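Please read it with the coordinates open.

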Amino acid sequence: MVDFLAENNLCGQAVLRIVSRGNAIIAELLRLSEFIPTVFRLRDKNDQQKYGDIICDFSYFKGPEYYEGKLEAKPELQDLDEEFRENNIEILTRFYLAFESVHKYIMDLKRYLDDLHEGVYIQQTLETVIINEDGKQLLCEALYLYGVMLTVIDQKIEGEVRERMLVSYYRYSAARSSADSNLDDICKLLRSTGYSSQPGAKRPPGYPESYFQRVPVSQTFVSMVIGRLRSDDIYNQVSAYPLPEHRSTALANQASMLYVCLYFTPSILQTQQAKMREIVDKYFPDNWVISIYMGITVNLVEAWEPYKAAKTALNYTLDTANIKEQACRYAEGMEILKPKVQQLLKEGFLREEIILDNIPKLLNCLRDCNVAIRWLMLHTAESAYDVNNKRLRQIKDQVMTDSKYKPRMLFQLLLDTAQFEFTLKEMFKQMLLEKQIKWESYKKEGSERMTELAEVFSGVKPLTRVEKNENLQAWFREISKQIESLNYEDSTAAGRKTVQLIQALVEVQEFHQLESNLQVCQFLADTRKFLHQMIRTINIKEEVLITMQIVGDLSYAWQIIDSFTSIMQESIRVNPSMVTKLRATFLKLASALDLPLLRINQANSPDLLSVSQFYSGELVAYVRKVLQIIPDSMFTSLAKIIKLQIHDITEVPTRLDKDKLKDYSQLVPRYEVAKLTHAISIFTEGILMMKTTLVGIIKVDPKQLLEDGIRKELVRRVAYALHKGLIFNPKAKIQDWQSVYQSTHIPIPKFPSVDESATFIGRLCREVLRITDPKATCFMDQLNTWYDLKSHQEVTSNRLFSEIQDTLGTFGLNGLDRLLCFMIVKELQNFLTVLQRSILRDKAVVEVFKGMMTAANPVQGIVANASKVYANATAKTQKIWGGYLEAIMKVGQMQILRQQIAHELNYSCKFDSKHLAAALDNINKSLLADIEAHYQDPSLPYPKEDTLLYEITAYLEAAGVHNPLNKIYITTKRLPYFPIVNFLFVIAQLPKLQYTKNIGMTCRKPADPVDWPPLVLGLLTLLKQFHSRYTEQFLALIGQFIRSIMEQCTSQKIPDMPSDVVGALMLLEDYVKYTKLPRKVAEAHVPSFIFDEFRTVL
């Protein structure tokens, strides 16, 4: 019959693929459970108030029109909804695909069972598959994994959160409209069960069986699976645990599967006493805490409380006398095993001959250790006992007392066992590798000894006092041939023959009185020794390694191990060389990866890499967490050294009287510094002793671990210092997993917010914006200084940015610049939203714009009765300019700050790294020249856009070689009346300003503040975001305004140039200055003689 898992066996391959996918789905669910956006939990009041209207549970499906109507009624809710969609659609899609794959998994399993029933697979039925060893394992696993998936989802992703995520995905995704979408079925399967993983939460009635039956599974299939799990040892584990008292450990994996599968037929748990008694007697006679998958623990006392038959059956196990007997047994075991393992681990004790002679004894010791560790770890775990359950508390207290449980002793045994196991495995692997070579060499030696003896008895070879004996000569030659003929491949026959040869050599010595000749005796003894070695060597079998692998399984501790972290860290702090022993423990923990990866590997699934990476990454993260104590301790010692050097040790002067030498020697603090420095070096040695280790599929380099750990601690301390230091007391959101700066190994810590800013950079930025606020200060461009509007005192100047750079460095200043950049984007987006939704929808205002366009047409001409036309238009639109002015000034203010930062960065770059500055300047000029040449002659090449331009931009911005005013911050659409709106805005502001010869444009009244530089730069930035024709039209309207007012003044014989015209001309002057455009741009709209006259006024 074809092997069930052979590639050409479609029936076997189909179920193998299903099981393989099941393991991959669980890994994805566990991975995603760490990335649930907190907002979906709606735990704090802020989230409830802000997002309560846009995040709904399944009640949404009862009346979607009502919820959508609520959103449409409020434009601000629509904006929030859109922003929320952009921020979360990616992670929501990932969650939805994981949920969908769970539903698809059970549907595929049902289809497979239907195919078996209908005879799609030739000669295969459910009965034949479940008789086959591999088929039986896979079918049991298929059902068990589905149960585990549902359990993981409910434990890790709360019901309410699932519902909110599914509703949000339904609302935001286009997939709901596709015909093959099975969103309804997924919602039915994963709707909230009412279960909560919070301690003390009540279990919903009928849970989890009602949840497991949402997609009904064939009861025949379920009963056959449970029948197999009840009666068979489906993984043949008992052979690895020959002792009867180890049977429940041998069948522990199967027991977990049975526990999960029983929920698919709850009638067994409820009413079938005999079956439950059989199950408990076989699987749970001495244990009641089990691990169901990768360390997820379950306490049967609590889990089976609602089920009558299960509860009654378990009562025999939970009898006080039984608990005491088990706990005392393991307590005694610990006392015996600890010194035994430590003896085995002594330097030089585990030698090859000892291992070969004592394989069964060593394996028994390993079994006893692992069984004791497993029982004690599971039955004393905090997570397995609900503190609110009185009975559980009593059981736990009894276990703790009777087992004399000491976490440190248990941890020490785990360390020693892991080290012993690791050493034994490595030596055994080496022996297996050399097995054939050694066997052949022993065979050769034995054969040669016999040949030599044959020659001795031939009388030819001179050996003192040995007479010629042809019979012995022939016999020894025959023995030599017999040894030579032993075949390595047929180990059983070779072993039997070797024993007979040894017996023959003993007999020949006795019968022929060869004892009298010492040399002959020596030859015979040597040959016997070689033959004994051959028997030992042939007994080195791979089965021993497999047994060690089965016995050493630590997957049940995947989560519990965390409770020992503090003990691990404390022992490293006391003795850094402990890291080498921990390495063996981490490798033992890595063996847990075999469980989920076995089927994925057998199915040659592409999921192998991602699942391996996930579990390996989890384990490496845990290793980092444990070893972080080393950098932590190093920095604690460094802090003490710094304190001693600053406060206690006085600096020795260059000249010193010799009688004061003793005062300056300060031996005690200097000894303390030396001691602490030595401690730091010992810590670094400790971590480097770990050697490069392959944890799962991730290579862990201790040097890299140490460096990352030091950087992580440094980041934490610097961030904390800045968080505490940069707190001021005045009168789009990026998720962590999306940020290029956030790292899992060296995370930027998060501190509770003290204001609206998330970090200290945000607080610093808002403080700089507050002190340079255009409503309270006036910026002098020529002096790069801000003055208070009322007191005219200096508030701050460009020196502020030098100080920020001295404090936070180039990266800090560059970060501030980037934050301002994002703030400008947000301000411009909000501004355009207001413009589109409020100003351009106000019919009265739009009528004014239309009238103004008619009056200004053609723009090359002059507006008749100009003063009146302009005054009317500004008066009618007065109400809209308040918010407009504020937004423009904010953008302008931030642009001034960006200019100052760019100047400071460029200045320091030229000083501190002139070669970098020169190189960047050259490459920037050459790239711009290439781009210009390409646009003049398209046949010339354009610089490749893939990475060069993006990378060089980051460098240029960090070195301040850029002009913030030329940047496009947002993408825009065509807007009606846009040039007219901006023109009217400018002429509405001009009366608030006056020209002063020494200073330039300033505001007339401090009560109505308008600061000129932010106004001009804000306007310039806004226009830059749109097509250049808008700017052309705007400048033409300004030119027309100047010409029209001047024409009116001339006709009315007013000699002075009106202040509004001076302001408009200043705007044109500054526009040309800031954009670095030629003067012709302005002179195209205003005759040069007006500019000349304007200069005489200046």
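1. Basis. This is a predicted model, in which local features need pLDDT of at least 70, side-chain atom pairs count only at pLDDT 80 or more, and totals for chains, interfaces and linings use all residues. Residues are numbered from 1 along each chain as its sequence is written, and side-chain values use heavy atoms, with hydrogens and water left out.

2. Second largest pocket. Its volume is about 1,400 Å³. A pocket is an open set of points on a 1 Å grid over the protein atoms alone, where a 1.4 Å probe fits, with protein on both sides within 12 Å along at least five of seven lines. Points are joined across faces, edges and corners, and the volume is the space filled by probe spheres set on them. Lining residues have an atom within 4 Å of a point.

3. Pocket lining. There are 42 lining residues; Gln155, Tyr195, Ser196, Ser197 and Glu302 are the closest to the centre. Elements giving two or more residues include α6 (133–156), α12 (252–262) and α20 (390–402). Strand β2 (296–299) is also on that list, and gives the largest share, four residues. Helices (H or I, at least four residues) and strands (E, at least two) are DSSP runs, numbered from the N terminus.

4. Leu16. This residue lies in helix α1 (residues 10–32). Leu16 has a relative accessible area of 1%, so it is buried (under 20%; exposed is over 50%, partly exposed in between; 1.4 Å probe, protein chains only). Beyond its neighbours within four places in sequence, Leu16 is in contact (heavy atoms within 4.5 Å) with Leu5, Leu138, Arg599, Gln602 and Ala603.

5. Cis peptides. One joins Tyr207 and Pro208, with omega about 5°. Pro208 sits in the loop between α8 (183–190) and α9 (209–212). Another joins Asn857 and Pro858, with omega about -5°. Pro858 is in the loop between α36 (843–856) and α37 (866–876).

6. Where is Met294 placed? It is in the loop between β1 (289–293) and β2. Met294 is buried, at 3% relative accessible area. Lys1076, not a glycine, has a positive phi of about 60°. Lys1076 lies between α44 (1059–1075) and α45 (1080–1083), in the loop. Lys1076 is exposed, at 69%.
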